[in-house]
Amino acid sequence: MVKHQPLQVYERQLCLSCITGIYGCRWKRYQRSHDNTTKWELLWSLILLFTFSLLLIWSYFWWEADNDYNEFNWFLYNRSGEWTDGTIPILATTAAGFTYIAFLMVLALCHVALGQQLNLHWLHKIGVTASLLTTIFGIISVNQTWRQEWDVIPISLQATGPFLHVGALAAATALSWIVAGQVARAEKTIFQVVVVLLYLSVLLGLYILPLYITSPCIMDPSTLKPRPEVFGHQGAPMLAPENTLWSFQRALQMNVTGLEADVTISVDGIPFLMHDLTLRRTTNVEEIFPGRERRTASQFNWTDLQQLNAGEWFFKDDPFWTANTMSQKEKNLTREQKVCSLEQLLKLASYHNSTVVFRLHRPPPEHPCHATWINDTLQAVHNSGVLQSLVMWTPDDEREQVKQLAPGFIQTSLVKHNPEYLNRSGISRLLLRYNQVSASEITDFSRNNISLTLYTVNEPWLYSMLWCSGVSSVSSEAPHILRKVPYPIWLMRPNEYCLMWVSADLISFAVVIGIFILQKYRMSGIRSYNPEQIMLSAAVRTSSRDINVMKEKLIFSEVRNGGSAEELYEEHGFDSYTNQSISQ
């Protein structure tokens with residue numbers, strides 16, 4: 001007696017359905033396929049990978065650029081004339097885009113691991129294209145308006161490189177599960193060889209990558225130089241309105257050793273503190289002097305400047321999102337702030353025995369003080385009574401004359417020159433942006449007794465890296481944050497880093513070998529008995545979709561309706577095959 005047995009009873013595969021459904025809207029079993037991915041879909045997979053890589057770099061850039069968000073907003077203000085925090089929409093869209101693309105990448109890897117055909121849904125293709133074009137547009141925009149900020153990537157890699165390497169190694173090791181599965185599942189030897197060679201090349205590159213990773217924080221702790229001094233850049237602008245007397249007082253409360261300011265000359269020859277070309281952003285000039293708000297700050301006399309409020313704008317714009325953290329007393333003091341003169345700042349610095357460095361902006365040619373700006377500034381310094389040894393003099397104009405009139409000034413340059421030129425010119429200090437010098441140049445300047453003050457350093461990781469590099473001082477908008485950094489965030493001896501590197505490589509190599517062996521064992525077991533292949537290895541070669549459609553109907557017929565499997569096979573033009581048992 002011969003009777004028919006059900007070919008196969010399928011269990012629900014909810015996880016697989018979600019993976020193929022979300023990625024390619026293939027929710028039904030018969031919609032899925034184990035066929036090779038088409039060339040068109042392979043192209044989209046490459047586009048997805050490229051978009052993911054680009055977004056990864058873009059996200060990392062904005063993650064590390066947080067040290068300079070205020071600088072970016074100031075660039076936007078100069079272009080638009082209105083102060084807005086332009087980083088918020090950029091960070092929000094970047095986070096959303098990266099999360100979305102990373103999720104699609106995970107789904108794609110799951111498809112590969114499960115042997116499913118890649119078939120990205122057209123809505124996702126639109127999303128990937130939009131993410132790619134938006135990221136490219138953002139990169140071009142930053143390149144045009146803020147090109148110098150790209151330097152933050154190689155600089156930050158000196159601080160994060162050793163740890164990113166370990167993360168990349170862990171990711172590559174985890175990918176070995178997918179690679180080993182593909183190699184074990186493949187039938188063509190050439191495909192297996194190419195995949196293994198490609199993967200091993202990437203893995204080998206990661207293994208030897210530490211040979212090219214350099215960081216000033218990989219050093220002997222005994223050679224670490226003293227903690228860099230901190231200057232209050234425009235005072236403490238995160239805690240009080242920039243370039244006001246209250247801002248510098250707040251900076252001194254944070255134990256800074258120096259103060260940095262921007263100086264402009266009024267029309268009646270009074271040097272005062274102002275960073276912008278106009279008064280619009282940091283005063284209420286539109287309210288007090290309607291129609292004059294777009295005039296340059298140097299076109300106002302000191303009497304007019306004293307009528308302006310230089311504190312209310314801090315609550316309206318809240319440039320650092322810190323206004324709500326102030327006490328009521330601090331808020332009252334902030335609202336009362338006026339435009340600060342250079343003489344007032346120098347008197348404050350003299351009282352606290354703090355060094356002062358200021359950038360002096362020369363008035364335009366039509367200005368009454370265009371020719372006397374140096375003398376006007378020297379007069380303000382003299383009137384303040386500050387010690388000459390506390391003043392860092394930066395203008396190059398008439399420097400020799402200034403040396404004669406005030407020989408005690410610390411001669412400082414805003415332009416990077418070689419040490420020999422600086423020594424010949426009697427310049428003992430440099431005030432530069434942190435991206436303008438490398439670690440080797442810092443060592444060279446230090447060896448030639450040239451002190452460096454780098455601006456603007458707000459983040460602990462950057463402060464720590466410059467500390468390890470040997471910088472003598474930094475200028476910061478966040479002295480209240482840097483005061484909490486008594487020691488570099490991380491410091492590692494070279495032999496300790498070498499041990500970490502070799503150990504990570506050995507562990508990764510052992511795990512990869514183990515995964516390849518395990519996958520080969522698993523796949524050989526699956527190949528020895530695969531019910532689907534036994535059922536569907538028909539004499540007539542047909543598409544996977546047709547096979548899956550037939551399979552669905554076959555199951556429901558056998559299990560629910562008790563229909564004949566041979567009839568369904570013949571209906572779809574396949575040779576029949578059923579499991580049979582013979583009883584006598």
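Which residue lies over the face of Phe-315? That would be Arg-335, at 4.3 Å from the ring centre.

**View 1. Two arginines sit over aromatic rings.** Besides Arg-335 over Phe-315, there is Arg-359 over the face of Tyr-455, at 4.4 Å from the ring centre. (A charge sits over a ring if NZ of Lys or CZ of Arg is within 6 Å of the ring centre and within 35 degrees of the ring normal.) This is a predicted model, where local features need pLDDT of at least 70, side-chain atom pairs count only at pLDDT 80 or more, and totals for chains, interfaces and linings use all residues. Residues are numbered from 1 along each chain as its sequence is written, and side-chain values use heavy atoms, leaving out hydrogens and water.

**View 2. Helix α4 covers residues 87–114.** (Helices are DSSP runs of H or I, at least four residues, numbered from the N terminus; the expected span is 1.5 Å times one less than the number of residues.) Buried residues (under 20% relative accessible area, 1.4 Å probe, protein chains only) in α4 include Gly-97, Leu-104 and His-111. The buried residues of α4 pack against α1, α2, α3 and α5 (contact means heavy atoms within 4.5 Å). Just after the helix, Gly-115 takes a positive phi of about 75°.

**View 3. Trp-58 and Phe-61 form a stacked aromatic pair.** Their rings are 6.0 Å centre to centre, with 20° between the planes. (Rings of Phe, Tyr and Trp, using its six-membered ring, pair if their centres lie within 6.5 Å; planes under 30 degrees apart count as stacked, over 60 as edge-to-face and the rest as tilted.) Being three residues apart in helix α2, the two are separated by about one helical turn. Phe-61 counts as buried at 0% relative accessibility, and so does Trp-58 at 8%.

Technical notes:
Buried < 20%, exposed > 50% of the residue type's maximum accessible area, 1.4 Å probe, protein only.
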